[in-house]
Amino acid sequence: MSASRTGPSVEVWPGTSAPLGAHWDGTGTNFALWSAGATGVDLCLFDADGTEHRERLQETTHQVWHGRLPGVRPGQPYGYRVRGPHDPASGARHNPAKLLLDPYTRAVDGELRLSPALFGHRQSDPSAADPADSAPFVPRGVVIHDSFPWEGDARLHTPWSDTVVYEVHVKGATMLHPDVPPALRGTYAGLAHPAFVEHLESLGVTAVELLPVHHFVSEPHLLRRRLTNYWGYNTLGYFAPHAAYSATGSGGGQVTEFKAMVKALHAAGIEVVLDVVYNHTAEGDHTGPTLSFKGIDNAGYYRLGHEDRSRYTDYTGCGNTLDVRRPPVLALLMDSLRYWVEEMHVDGFRFDLASALARSMHDVDRLSAFFDVVHQDPVVSQVKLIAEPWDVGEGGYQVGNFPPPWTEWNGKYRDTVRDVWSGARVGVRDLAYRLTGSSDLYRSDGRRPFASVNFVTAHDGFPLADLVAYERKRNEANGEDNRDGESHNRNWNCGVEGPTDDPAVQELRGRQVRNHLATLLLSTGVPMITGGDELGRTQGGNNNAYCQDNEVSWLDWGAIDADLWTFVSRLVSLRRGSPVLRQEAFFEGGEIPGTALPGTGGTRDLAWFAPGGGQLTSSDWFDTGLQTIGMYLDGRGIRHRDERGRPVVDDSYLVWLHAGPDALQVELPGPPWGDGYELVVATEYPTGAPPRPTAMAPGPVELPGRSVWALRVLRNPPPAMGRNGYAVLSAT
């Protein structure tokens, strides 16, 4: 879409105060902007050559400034200049010298360029307004109209219990992919290209969780170091797809391209979940730039200090916190969420630092307005909702405390699994909870095992290949003298720091990667795989690559660990085909009727075995030196039913997890638990596939050091019974 030229002055009709943003009606565009503190608002329209024309919005209704401009068409770049008091001490930061992005704009054109004009205050006197015009250095909104041919596309509604999440960065996924055309690499179109979609399909994942795609900009401190914000947790436009990820330009084409990506992924049976950052914005703290919210209504959008309103309450570690307690801010969030569901067809959201959204006055409040509004909203309440259940403020770690229908990134799962495989002497009690859906966290409020989104790695931290190769972070390239990033990673480098040619260390690291992934994919709950972990991707020891928009972060399709990819796809396939591995209800541990044999008790839906063959005792549960556990899952004890109300019955499995360094003899239990066992996954093999034969009789077997075995339970068929109740013997 090309920008339509606007003359020196155009007629401004009163227009309407709703909806907010810029909306084209076929003959003109209505503009509406909320600001409680403004004394005047100028709408700024830009020609293709950058010439600016200002039009006064003379109508205000309920703190919304509005006007309709006949003849203004899709493709028109625009922004606002807002007049009002500039008194940081009272929380007011209006400055008409600064061009402001419409918070409701559907598309953004132009990049943020480093300049002193970005800042609303003088550097020499923070209380004084800076007079420099920021328009040449800031992005602008774009009027759009997009009648996309969805052709029956709809959200997939994949059940949580069937979901396998793949966390991935839009740009990093395809920048180095040789089968994606160069012009499409790193874009929405690249992510939708068959070469990448086929990878997702063959891997077996059911949802992509995209790192932030709301339009974002880089922080000035990164621009000064000639770096950029790669991850994108620095949002400026909550309705606009990030323009730099578009192969079709930033004049509105990014909206169409994003929708086409969603449509292509849906056609492949893959849901789209967005990582969203509603807790803070790109404007930073009191020293940060004035780009949108600060200049529109600083005190209305942000949580300000109680004693000094020139400062911001910062629960995010990013300089500011949006004040979701205020109705206009809450409305912005809900309008944004509904837009992405209804207009962009996304299937859910992962909320960054969600505890910051839940805060009322200070503490994290489970009954905050945000939760109440989400819960009752007929659109947003029906999609997948994932909380990152912590922020950086006091009391912000809230794993297990979000209300239904929320699911959560289970940070305790990550920590426990890492502890176990790094060799920490933590016993198996906490591990048992994590393997079975974390009932200690999610059962009491009526949630189900799929409230736990299980993960071992994420974008933030070491990728899995580095988790087993580095004990110390290597973040020097970030320009912060290696001070950034987590220093306590609960990891082990397998005896050598960094790369090595030692085949024994390489083999051990490969096995440890498979141990983490096998644990993840055999656990009850919703597994999340970090994009690239299935390929063996490394970041060279950088565990905070937020500003590395380069080969450090991009998926390297030229260095794929084919055996590891096969291993992961094998585990995902096993999981998706086995209801007993993705239960919808918490285990009860009770005896299953009809499973007892003469002189014995029956099996249980869940049982725990010690290496010696007996079930774990109370003392075993509190033995911090125990490094081996057997998890027995009986497929005849599944308590959920299919869509027609029929019982769901599956195979049974015995999973052994052995974190000790040496081989260990364990006992495979006999009847009624099993008449034999088939080894289906063993992490000592590069692809997880054990050599034939794989059948084992009950009794002693040797587990290799640091390994996971998944064994399918074999049962002899019961003898046929004659009319007199005696077994019928065959002729052979």
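Predicted model: local features only at pLDDT ≥ 70, side-chain atom pairs only at ≥ 80, totals over all residues.
Entry 1, helices H7 and H9. I looked up where the two helices run: H7 covers residues 327-342 and H9 covers residues 369-376. Their axes come within 11 Å and cross at roughly 35°. The crossing is right-handed. I then listed the residues that meet: Leu330, Leu333 and Met334 on the H7 side, and Ala369, Phe370, Val373 and Val374 on the H9 side. By class, this contact has seven nonpolar residues, no polar ones and no charged ones.

In one, the ring centres of Phe148 and Trp150 are 4.7 Å apart; the planes stand at 70°, so I noted the pair as edge-to-face. Phe148 and Trp150 are both buried.

In the other, the rings of Tyr188 and Tyr245 have centres 5.9 Å apart and planes at 80°, so this pair is edge-to-face. I checked where the two residues lie: Tyr188 is in helix H2 (residues 188-191), and Tyr245 is in the loop between strand E15 (235-241) and helix H5 (253-267). The pair therefore ties together parts that are 57 residues apart in sequence. Is Tyr188 buried or exposed? Tyr188 counts as buried, because its relative accessibility is 0%. Tyr245 has a relative accessible area of 3% and is buried.

I looked up two arginines. Arg350 lies over the face of Trp409, 3.9 Å from the ring centre. Arg359 lies over the face of Tyr315, at 4.0 Å from the ring centre.

Key. Residues numbered from 1 in each chain as written. Heavy atoms only, no water. Axes fitted to C-alpha atoms, helices over the stretch in contact; angles between N-to-C directions. Helix = DSSP H or I, 4+ residues; strand = E, 2+ residues; numbered from the N terminus. Left-handed = near helix turned anticlockwise from the far one by under 90°. Contact = heavy atoms within 4.5 Å. Nonpolar A, V, L, I, M, F, W, Y, C, P; charged D, E, K, R; others polar. Phe/Tyr/Trp six-rings, centres within 6.5 Å; stacked < 30°, edge-to-face > 60°. Buried < 20%, exposed > 50% of the residue type's maximum accessible area, 1.4 Å probe, protein only. Lys NZ or Arg CZ within 6 Å of the ring centre and 35° of its normal.
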